[in-house]
Amino acid sequence: MLAGCSTDRIDVASDVNRKLAEAVEIPAHQPIYNSTCYMYYKEPYVGRITSDLTSNVFSLNGTQFVMNLNVPGIINRAYYPGQTVGGMNVKGASIILETAGKYENYDGEQQTYVCRIYRSSSSYVTIMTTDHAEFFAVSKHYEVAPLAYEMLVIAKSLDVDTSEVLNRYSSHSVISYQKKKLELFQNITPVNGVIDELFVDSNSNGMKLGDNGDYMEASPSATPDEPLWPVYSETEAPETAEPEETGKPN
């Protein structure tokens, strides 16, 4: 039996960058696994341990990693686009890699990812944050790059039901305004005459509220050619016995 010692020459940072570049280049897979708030795809050799409304626990060659739906990020983009959500810090570990990039998801949308690798003693912590999900894993150094690859492959396939997430996990109230045409004085009867004669003519083309929400404007049809009410002038009675016919009142 022969034995010997050697130096570990694995460059974790270089391997992770190379695997992430490979994951970005391949086309996004169609999501086939359905959850209440999202759908996703995973390779057949990736095991699924548990699943619930917002998270999954997967297994790659016996090493487990977690995918959590990025609910705070989804809510922020919907209601507070000017704000950002803080990331996760690993206490007692030194960061050896922090890289970011863009990828195209299954729907053809451009999204971003941030991958951070921490080292603590002989363990490595991999954290990947995307627009729709967050991934976490604790592993040996030779497992870091394959884990980062699978995380990004799953992230590219994610199809999130944003409306369902907002309905379940957001207390933000949305006020919607709807335009409605109002007919003022519709049922009001004045002392003399009908008020509709002043605002709306027989063709309904008189003064009214515009459909576009503008102020009321008087249309030409609201100004009749003749006075609205007849005007009578008093004439002095003639001295003759028979009354004289008067003309049409002015």
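In this predicted model, S121 sits in the loop that runs between strand β7 (110-120) and strand β8 (123-130). Although S121 is not a glycine, its phi angle is positive, at about 60 degrees. With a relative accessible area of 66%, S121 is exposed, because a residue counts as exposed when this value is over 50%.

A second residue with a positive phi is N61, which is likewise not a glycine; here the angle is about 55 degrees. N61 belongs to the loop between β4 (55-60) and β5 (63-69). Its relative accessibility is 72%, so N61 counts as exposed.

The surface also carries a patch of negative charge, and the residues gathered there are D107, E109, D159 and D161. For D161, the location is the loop between β10 (159-160) and α4 (162-169). Is D161 buried, partly exposed or exposed? Its relative accessibility is 36%, so D161 counts as partly exposed, since this class covers the values between 20% and 50%.

Attention now turns to the aromatic rings. Across the whole structure, a search finds 5 aromatic pairs. One of them joins Y38 and Y40, whose ring centres are 6.1 Å apart; the planes meet at 35 degrees, so this pair is described as tilted. The angle leads to that label because planes under 30 degrees apart would count as stacked and those over 60 as edge-to-face. Y38 has a relative accessibility of 2% and therefore counts as buried. Y40 is buried too, with a relative accessible area of 1%.

Another tilted pair is formed by Y103 and Y113, with 6.4 Å from centre to centre and 35 degrees between the planes. Which strands hold the two partners of this pair? Y103 is in strand β6 (residues 94-104) and Y113 is in strand β7, so the pair, 10 residues apart, links distant parts of the chain. How much of each residue is accessible? For Y103 the relative accessibility is 1%, which means that Y103 counts as buried. For Y113 the figure is 6%, and Y113 counts as buried as well.

Some of the aromatic residues come together in a group: Y33, Y38, Y40, F58 and F65 form one aromatic cluster.

Definitions and conventions: Residues are numbered from 1 along each chain as its sequence is written. This is a predicted model: local features need pLDDT of at least 70, side-chain atom pairs count only at pLDDT 80 or more; totals for chains, interfaces and linings use all residues. Side-chain values use heavy atoms; hydrogens and water are left out. Helices (H or I, at least four residues) and strands (E, at least two) are DSSP runs, numbered from the N terminus. Buried means under 20% relative accessible area, exposed over 50%, partly exposed in between (1.4 Å probe, protein chains only). Patches are made of residues with over 30% relative accessible area and no salt bridge: like charges are joined within 9 Å, nonpolar side chains (Val, Leu, Ile, Met, Phe, Trp, Tyr) within 5 Å. Accessible areas come from the Shrake-Rupley method with a 1.4 Å probe; for residues, only the protein chains shown count as cover. A salt bridge is a side-chain nitrogen of Lys or Arg within 4 Å of a carboxyl oxygen of Asp or Glu. Lys and Arg count as positive and Asp and Glu as negative; His and the chain ends are not counted. The place of a charge is taken as NZ of Lys, CZ of Arg, CG of Asp or CD of Glu. Rings of Phe, Tyr and Trp (its six-membered ring) pair if their centres lie within 6.5 Å; planes under 30 degrees apart count as stacked, over 60 as edge-to-face and the rest as tilted.
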